[in-house]
Amino acid sequence: MRTGRALPGLDTATLSVDQLGELIDVLRDDGYRVLGPTVRDGSIVHGELHGLDGLPRGRGDEQQPGTYRLSSRDDDALFGYAVGPDGAKRSLFPPRQPLWSAVSDGDATFHLVEEEHQSPRVAFLGLRPCELAAIAVQDRVFLHGLAEDEVYAAHRDDVLLIAVECGAPSGVCFCASMGTGPGLELDGGVADPEPGKAPTGAQLADLVLTELLDGEHRFLARAGSDEGARLLAALEARPAADGDLAAREQVLATAASSMGRELRTEDLHDLLLGNLGHPRWDDIAERCLACANCTLVCPTCFCTTVEDHTDLTGSTASRDRRWDSCFSLEFSHAGPGSVRSSTNARYRQWMTHKLATWIDQFGTSGCVGCGRCIAWCPVGIDITAEAATIRRTSQDPEVTR
Amino acid sequence: MTDGRPLAAGDMDTLRVALAGHPFCVDLDAAHIDALAEIAGEVTFADGTFILRHGHPADGLHLIISGDLALEIADPGREPHLIASLHGGDVLGWSWLFPPRRWAFDARSIGPVTLLKLDAARLLELIDADARFGRDLALRIGLIVVERLQATRAQVVDIRHHDHT
Amino acid sequence: MVSSVRHQTHDIVTIDVRPEQHPIAFKPGQFDMVYVYGVGEAAISISSDPATPGLLSHTIRAVGWVTKALNELQPGATIGIRGPYGNSWPLDSAQGKDLVIVAGGIGLAPVRPAIVQALRERERFGRITLLVGARSPRDLVFRDDLDRWHTDRGIDVHITVDSAVRGWGGRVGVVTTLVPRVPFDPENAVAIVCGPEVMMRFTAEALMKRGVPAESVHVTLERNMKCGVGTCGHCQLGPLLLCRDGPVFPWPEVAPLLAVREL
């Protein structure tokens with residue numbers, strides 16, 4: 001997670017498939033738990049990798065609104081799919097996280113026991129550029145806000161991020177619209193993204209791989225940090241040939257032109273906030289089940305609640321932090337009832353937060369264009385289509401602010 | 001109306017000054033103030049007396065000079081409800097403007113009250129005789145009714161707060 | 001440690017606590033997250049004197065699990081306090097001006113520290129006016145303070161109730177009816193307003209109608225709060241995170257947001 005800079009020695013190399021397997025071995029020998037894509041329950045989810053065999057060789061995915069299916073490719077690509085329902089968020093920001101406990105001292109008094117938050121040594125292999133962008137988005141919330149979230153910081157501390165650029169975007173992908181993919185350029189500085197776009201995760205990557213399938217099956221590997229360069233050196237990787245660099249350009253060009261969807265981000269913030277009374281929200285509300293799937297699969301959603309428990313005798317009390325969703329009725333409970341009691345209001349909150357007010361709160365868009373919310377919505381609500389409809393039928397060109 | 005003692009009904013200068021100083025008459029020209037002074041009289045009430053009684057003939061527009069009073073609604077088995085209180089600078093009573101020209105509430109003094117009472121019958125004559133003046137008066141009263149209504153609606157919502165039923 | 005529990009009305013209680021580790025310095029308008037063992041936390045405004053941070057008061061109405069549990073605490077019990085969080089009433093911006101404080105119901109609690117501090121630094125301000133509205137005479141809080149402030153020449157206190165029966169010798173009517181009639185210089189005034197959101201909206205409008213510049217009217221907003229530090233997402237109101245950007249705001253910043261239903 002260190003920013004890239006001019007590195008002595010090897011910063012761009014080409015790896016064979018076997019060397020990729022060696023990479024996993026090197027990481028495990030270094031004490032890292034390697035998490036990466038594996039096939040389970042008909043989808044591609046993060047699991048522990050012990051070697052290349054765990055990867056979804058020859059598998060692709062077909063994603064459309066409300067649809068996710070694995071497919072078979074006619075080659076041996078190891079990363080030939082777009083993105084699965086979960087990602088690094090589940091590890092960096094666990095769904096249930098103990099915070100602290102309290103021990104009763106009797107007579108209605110108690111004292112607190114601080115929880116020790118360890119930094120698990122994890123290497124993520126196979127993160128997509130959109131997933132890295134999502135980590136960058138969550139870093140802004142948890143590390144650069146009013147207070148640093150020490151639990152998140154502990155989880156972020158000792159992780160390696162190894163990205164694989166996208167060669168096969170799916171029918172719901174729109175990372176190109178959000179400025180987060182399909183590739184990662186490492187020579188940029190740590191700049192704010194263009195207005196309305198999400199931050200690129202490029203500066204977070206330790207290593208960026210690109211799977212090349214023209215001719216020999218190989219991987220272009222670029223180091224984004226000292227750690228990444230060290231790994232390439234440890235693998236005795238050969239320097240990248242010009243042909244490999246050109247092949248990467250081709251992969252990215254093909255990917256960028258085959259995005260499944262598009263989201264126009266210019267003036268999107270003002271457009272959405274100027275249309276809070278648009279009848280389209282009612283239309284969406286008739287379809288939306290408020291099931292919260294979108295918030296569960298979204299890699300940037302960060303809302304949480306807390307749960308307090310006691311054991312049976314009441315001698316110890318504890319507090320957990322748990323993922324929450326703005327789609328739940330209790331989420332906005334204030335006073336005698338919930339402020340957002342209608343589905344209209346709750347969907348509007350989610351979408352306007354993700355695409356508009358996130359920018360006011362954290363300086364960038366909250367959407368990285370991964371399309372998960374579109375695929376995993378049981379009724380196939382498409383955030384890009386809804387934004388386009390509101391843009392086309394905008395009722396109020398003036399901003400409500 | 002009981003216990004009201006009219007004072008100096010013929011002292012026109014005092015009445016003119018009192019009228020001109022009351023917020024209801026802001027920006028009224030001198031001729032109109034004169035016209036009102038002719039039909040006005042200063043009245044005082046002791047603490048705890050009824051200034052208006054529900055159902056009685058609505059016989060005047062009252063401009064309160066000083067003191068406090070409250071509009072009341074009686075309710076069997078309970079102390080009368082206080083609906084709103086009025087003070088120096090306020091206006092009391094507009095039911096004279098519309099049939100059946102009877103008071104809709106009780107109004108009772110809380111402490112001594114001094115007010116100017118403009119005779120309703122003669123006020124209606126003035127309104128008939130001078131359309132512009134009549135329009136001006138009607139709009140002034142209309143504005144007070146609007147403000148009173150808005151405040152009452154806010155009062156209703158405020159009362160409903162913390163009722164979790 | 002809870003040092004005393006004062007029942008102010010049938011459902012409002014003030015809990016006085018002595019922090020065990022060290023005093024918690026706070027500014028008027030800030031709030032704490034108060035934890036009851038095994039039950040949970042609630043965001044509660046601090047209602048005590050900022051000059052005595054060794055004794056903090058939190059005034060609450062018992063409406064949910066946590067606040068009901070707080071209502072039943074006895075002196076000597078331990079509670080947890082996180083804070084203070086949020087921003088504070090802009091007393092500095094009222095320097096040299098008339099200060100108008102409008103409190104509805106339990107809203108008197110978050111402004112009480114501001115009143116106490118302003119009276120302590122009396123010479124910094126022009127006229128200080130306190131307008132208090134309550135649902136009924138029974139619902140008035142901090143009655144001892146109101147009585148004391150009535151006789152204090154440094155502050156003009158006006159009280160009104162929405163609902164009363166004969167026997168109440170004071171004003172009847174919503175608190176906004178006081179705004180046009182009490183003496184202060186609207187163009188040279190700063191107003192701090194606290195109470196139910198509907199009351200704050202109407203009061204802000206009444207103040208501006210009288211000529212107080214909109215940016216000189218400040219309100220305090222409340223939504224569901226869990227973390228108090230801008231990471232749980234619960235207290236959002238459009239672009240604002242109330243715990244981080246507020247809870248005190250100048251009126252123009254929040255007026256358009258409060259006008260959107262279910263925002």
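## A salt bridge to start with

A salt bridge here is a side-chain nitrogen of Lys or Arg within 4 Å of a carboxyl oxygen of Asp or Glu. In this predicted model, E41(C) and R319(A) pair up that way through their side chains, at 2.8 Å from N to O. The rule finds one salt bridge across the interface of chain A and chain C.

## How the model is read

Residues are numbered from 1 along each chain as written, while chains are lettered from A and ligands numbered from 1 in written order. Local features need pLDDT of at least 70, side-chain atom pairs count only at pLDDT 80 or more, totals for chains, interfaces and linings use all residues, and side-chain values use heavy atoms, leaving out hydrogens and water.

## Where A meets C

Counting contact as heavy atoms within 4.5 Å, chain A brings 46 residues and chain C brings 34 residues. Together they bury about 3100 Å², with 55% of it on carbon and sulfur atoms; that is the accessible area (1.4 Å probe) that two parts lose on being put together, summed over both. F110(A), L146(A) and Q361(A) supply 20% of what chain A buries against chain C, more than any other three residues.

## Confidence in chain B

What about chain B? Its average pLDDT (the predictor's confidence in each residue, from 0 to 100) is 90, and 92% of the residues score at least 70. Where pLDDT is low, the predicted coordinates should not be read in detail.
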